[in-house]
Each structure stands twice: as structure tokens, then as C-alpha cells.
Amino acid sequence: MITPKDLALKIKEQESLVEGGRWCAGCSFPPIIRTVLAAAGKDVVTTSATGCLEVTSTIYPYSSWGVPFMHNAFANSAATTTGLESAYRYLQKDNVHSELKDKIKGKDIKFVAFGGDGGTYDIGLQSLSGALERGHDFLYVCYDNGAYMNTGNQRSSATPFGAAASTAPSGKAHLAGKEEKRKDLIKIALAHNIKYVAQASAYNLVDLYNKAEKAFSIKGPKLILVYSPCISNWQFEDGDGVEIGKLATETNFWPLYEVEDGKYKLNYKPATPKPVEEFLKRQARFKHLFKDENSKKIIEEIQQTVNQEWQKLQDLVEFTNR
Amino acid sequence: MSKITLALTGAHAVAEAMRQINPGVVALFPITPQTPIVEKYSEYYANGVVDTELVRSESEHSAMSIVMGAQAAGVRAMTATSSQGLAYMWEVVGATAGLRLPIVMPVTNRALGAPINIHCDHADSMYCRDLGWIHLFCETAQEAYENTLLAIRLAEKVSLPVMVLQDGFITSHSVERVDILDDVSAKKFIGEYKPNNPLINTDYPKTVGPIQLQDYYFETQYQGTIAIESVFEEYLKIGKELEKLTGTKYELFEEYKLEDAEVAIIVSSSTSGTTKEVIDRMRNEGKKVGLLNIKLYRPFPYEAIAKALNHFNLNNIAVLDRALSRGAMPPLYTDIKLSVSSLNKIPKIQSYVFGLGGRDIIQKDIEEVFESLLKGKVKENKTEYIGLRK
């Protein structure tokens, strides 16, 4: 297992996404990208859906990317990667001879598609589903910050119940803000019968590295969903991103787990889970829940859902490992 | 060099060209009347006739995104579509030209919904005419075959994508005699693909598709404009090379019996064939009628058309559009009006719209257009509709 120090050295040596990009100070996705790519090695080709990652890392004539990177559009990170990976498979055929084939001879090139939750759960879901079903050899990484953050915190289907978004604000008639529960992306990915699906978080990069490393050792499509606290729109104190991410996991709001060949495994189990309130109260997107008795009922409902989901997850761990 | 003659539909003629091109990646999604192109190609794939990675995508938006990724990676990549499919991929059709990816896409022209309709008109490609693609209209299956080969060379020469357009059903599903080049000659003409900056070469990492703001976007758009203007010369040059193999002359447009014509029709695609039949018959009756058949539609050869028309002594012209531009004059009419604006003697031009949603246009209709022109019945900037029940 990699140590945090070795991971840091590996990231520094690889320079896959260099410093100086225009993402917010305290943003969670740069360490996510760097950690995943540290596990990929230097022969990797990446794509990203339109979103914070792409717009802050490629402001022409500059690019933060030290590895091949392509942005195409919002909905098609997985489809664009499909094309890149298919071209690679074509070049490996015995019948095919070209200068390009000679240039990449002997390389084991990995393919990674990145997308935010909007580009993954919503507009890019069909493209992702197509690529997973067709069995391309690639890793899809969704950095989930729970809304359309690049355009200023509009509700997505990843926005948690009870969070306020600019298109789902809390008001007198609609107190909760987002009134529906999150879509379960992990279950959707698993419905494609793929070999590896994992949930990770930006606060625990060693765990993320291990998951990415495992994913790259498996042929075929893989998906990792990574929690990515957003300093701009979750609105927590500067420098608290890691702490907030950790609280999401310690409250069982965002469990760290993986599903390999259909078998569920929990990567972290808090000895005594903290109340979900601890996670909610430090973010402005939930502040409307702390007003009065009515709003506190919403917190209770969130806590109930967390408890139920956690129990279901434990049941799945037990059931699939019998 | 040898040729074989086959009885092929327009769709299968294009599939033959694709077999000879043998792209690295083909992404497909079915849509009428394009489907027989990709079905035939799937047969080639199943029988191991091609080396292609064949990707059966889940939508046209993804099909185009896939070939964009593959072409950026550094291999030839193709898809084909029609109508709603072209509309569905519209976002990335524009991005393909923006990224200067030399992708060739056969398109079978079909009406756009609503109301839904599977038959031929040119609305689908006309609504893509400003996206930076090269548009090549084909009259016959033979032309669709040859233009697909030519398009590969042209696209790669100028780093721009090409749509090879044939009329849905009328050409795509009609069996015609098609001369196919032998594989060796065809493959020699196509040549090995030498990509610029292939993304898959991890030794030289690069970024494709960055964001460009107020400081650079305008210049990039301008570069695409310069590139498409170079197409006239390159198209003719590559055409000369292909002519040695096929014997076909590749021109920006075809002049048919215009030399002494008093009136002419300007039209594209399969309706040109019908028009030629009518011209031959009317010529036997001593009527001086001719045709200008538009082949290269984007970039539009304004100057070459002006030069050609200046040379002739046409009194009246009819421009036949198979698409509308609602609230404005139809697209081809507008382009022709602009072309003739610099002439010393400007012919009068009548706009006609015909054949929407596959409404038949027959010889009698064309003859009536010619007769009207001969009688001097021309209302400028007013569209007449052929075969419409008002």
C-alpha cells in the first residue's frame, strides 16, 4: 500500500496536472486528478466533459496538462474516450502498419474520462452508459460536487436532498431546496455488469490511489465516483475542504466502498458514526435547515436516509460475500 | 489499373468507398435512409474484409464524438448519418470543424421533423451549411462513390471535415451502374494517413479542445475561414489526380448545355439528372435551355459562378431549392443572387422550392419551369412552390 509521502512524490514526479491552473484555491479536483493519474503512469490519454476542470486547466494559450488531454463537449467525455481507445485498439492490430503505430509500440496506454456530476449523472449519462455497455478498456472518474458548480451551483441529479441550489433555492413554499434524493450512480454503473466500481473521496487520497491502481489492473470499463467538496458553492471556511470531505464519510453520508466482480467491500467503517448534522452545519448550502422546528425535520429525514442507506450497504457487503 | 462494374445503390456505393478507405474507426448509429451504408459496412466488418474498429454507438451525438476522439488520436475515422441524426449531433458537427478534424461523413439528405418524414429534401445539411464543413452534393451513386474517395484527400489536405451528400432514397436506395476502382489503385490514391499531432502519442502530450476566450477565439475562427477558402484550389487539384483513374471531371459545378442557352435551371443532386433529360428533349424542339449543377456547395464558389455566367448570355434563371429558409429567401437562391450581383448583365432569377419531404419532382414539372423562364415569367425575390397544394 502506498504511503502519503510516496504518493506525493509520485504526483510531483509525474506532473500530470501542473500547478498554476485557474481553479479556486482549495478546490478538491486537482488532487483527485493527480492521484488517479499517478496510478495510471505516464502513458495515459485523458478527456474531460465541459466543466470547472476543463475551463480552469486549458485557458488558451496555456494548458495545465502534462499528459494528452482532450475536451470535446459537455455530454460526451465517455464517447470521446471511446474513440481514443478504439483508435488504440485499431493500431494494435497485426494487419495495421503506420508511423503512429511504431511510435506507440510497446506502450500500455491507459484511458481516463473525467466528468463532474452534471456531465456524468445528467447530460453525459447516455454517453457513459453506451461506453460501459460496449466494454471499452477505460476508467471513468466522476468528481462529484453535487451541482453544476462551473455555472454557479444549479441543481443536478447528484444534488443531495435538502441542499439549496440556485435553481432549487429554499423558499417559503419549498423549504428543503432540493426536494428529491440523489440519483445512485454506483448502482447505475453496476447495472452494466462491469468488473469494478468504487466510491472514494478527495479527503482520502491513499484510498483513491489504491482504487485507481486496482481499476487500471482490470481490463474493460471501470468507474470511480469521488466526492469533491466545492469551496465556492458549498461555502465552508477556507481550507476546510478536507475536513468537510472527512465529515461526509464519518457521518456515513458518503461511505468509502468498492464493488469488485459484484462483491461489495467497505473501505472505512466509523466506530461511532457522527450525526449528519455535523457535516451539514458547516456549509452554507444547508444553512436553511438550521432555522426552526420545521427545517429541523428535514435534517431528521436526511439522517434517516443516511441510516437506511448505510444499513443497505452493510447488507450488500454481507450478502455479496456470503 | 482496372475497374469493375457493379449494380449498386447509392448507399452501397458509399460503403464500397469506405471499404477501400478502410478507416481505423467507424462509429455507427442507424437512421433511415442512411442505414444501408452502415449495415453494409457491418457485413464487411463481420467478414474480416476491413481492419476497422467498428463501434455501434448509442446515439448520433456519441457516434460523432467517437470519431472525433479517434481522429484526434491519429487514425482515420468515419460515420454516416441523415436528418434527425445530423440534427442530434449538430453540437459536435460544429466542434469537428472547430477542432479542424478531417472527418468524412456520408449523408443521405432527408427532411427534418416535425412533422416527421423519412424522405428526401435538403433541410438537414442546409442547416449545417455555416458550421465550417465542406459540402459536396452528388447526383448519382457513381458520384457518391468517387466523391467519398476524393473527400478523404481533400479533408486531410485542408484539415477540415467533409459531408458527402446524396439524395435520401432517390439515390441511396436506387440501384445504378457503378464503376468501382480496383482496390490497389483506390488505396494508392487514398494513401496512408499521416496525422498532425496525434493525441495518442504519449511522448508528446498535447491539449486538444482548450477554452478560448475574447483574446483568441476570434483568430481561431478566422483561421478556419482561411482554410475553407483554400478548398477551391485543392479540390480541383485532387480532382485532377482522381480524374486520371476514373475519367470523371471534378468541377466546382457542372455546366450542361449552357453555351448558347437563353434560360437555365440551377439545382443540385439527383434533380440535376432529371433536368438533363428534360433539356435534351427540349433542345430537340429547338429550345435553348441549360443547367448549372451545383456540386461544391460549401465553400460556395461565388466568383467561379459569376465568371461562368458572365461568359454566357442567360436572360432568365430558375434556382431550385430543396429546402426552406423560413422567413427569408431559400439558401441556394440567396447564394446565386449574390454570385450574379457583380455581373455586367444580371439575369433575372426566379426562386422555386420543390420536393420537400420527398414530394416527387417529375420531368413535366421541370419542363414547366423552363417554359415559364422562356416566356419571361420571373418574379424576383418571390418563391414559387413546385407541386404544392395551396
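This is a predicted model: local features need pLDDT of at least 70, side-chain atom pairs count only at pLDDT 80 or more; totals for chains, interfaces and linings use all residues.
The tyrosine belongs to strand S15 of chain B, which covers residues 348–353. B:Tyr352 counts as buried because its relative accessible area is 7%, and the cut-off for that label is under 20%. Another residue to look at here is B:Arg322: it sits 30 residues away from B:Tyr352 along the chain, yet the C-alpha atoms of the two are separated by 8.6 Å.

As for confidence, chain B comes out with a mean pLDDT of 97, and 100% of its residues reach 70 or more. For the complex, the predictor gives an ipTM of 0.97 and a pTM of 0.98.

Staying with chain B, we turn to a pair of helices. Two packed helices are described by the angle between their axes and the distance between the axes. Helix H1 (residues 10–21) of chain B packs against helix H2 (residues 35–46) of chain B at about 40°, and their axes are 8 Å apart. That angle makes H1(B) oblique to H2(B). The crossing of H1(B) and H2(B) is right-handed. On the H1(B) side, the contact is made by B:Ala11, B:His12, B:Val14, B:Ala15, B:Glu16, B:Met18 and B:Arg19, while H2(B) brings in B:Pro36, B:Ile37, B:Lys40, B:Tyr41 and B:Tyr44. Sorted by class, the contact of H1(B) with H2(B) has eight nonpolar residues, one polar and three charged.

Over in chain A, helix H10 (residues 241–250) is largely enclosed by the rest of the structure, because seven of its ten residues are buried. Those buried residues of H10(A) are A:Gly241, A:Ile244, A:Gly245, A:Leu247, A:Ala248, A:Thr249 and A:Glu250. After H10(A) comes A:Asn252, which has a positive phi near 70°.

Helix H7 of chain A, spanning residues 125–134, has its own set of buried residues: A:Ser127, A:Leu128, A:Gly130, A:Ala131, A:Leu132 and A:Arg134.

Technical notes:
Residues are numbered from 1 along each chain as its sequence is written. Chains are lettered from A and ligands numbered from 1 in the order in which they are written. Side-chain values use heavy atoms; hydrogens and water are left out. Axes are lines fitted to C-alpha atoms, for helices over the stretch in contact, and angles run from 0 to 180 degrees between N-to-C directions. Helices (H or I, at least four residues) and strands (E, at least two) are DSSP runs, numbered from the N terminus. Angles under 35 degrees count as roughly parallel, over 145 as roughly antiparallel, 65 to 115 as roughly perpendicular and the rest as oblique. A crossing is left-handed if the near helix is turned anticlockwise from the far one by less than a right angle, and right-handed if clockwise. Contact means heavy atoms within 4.5 Å. Ala, Val, Leu, Ile, Met, Phe, Trp, Tyr, Cys and Pro count as nonpolar, Asp, Glu, Lys and Arg as charged, and the others, Gly among them, as polar. pLDDT is the predictor's confidence in each residue, from 0 to 100. Buried means under 20% relative accessible area, exposed over 50%, partly exposed in between (1.4 Å probe, protein chains only).
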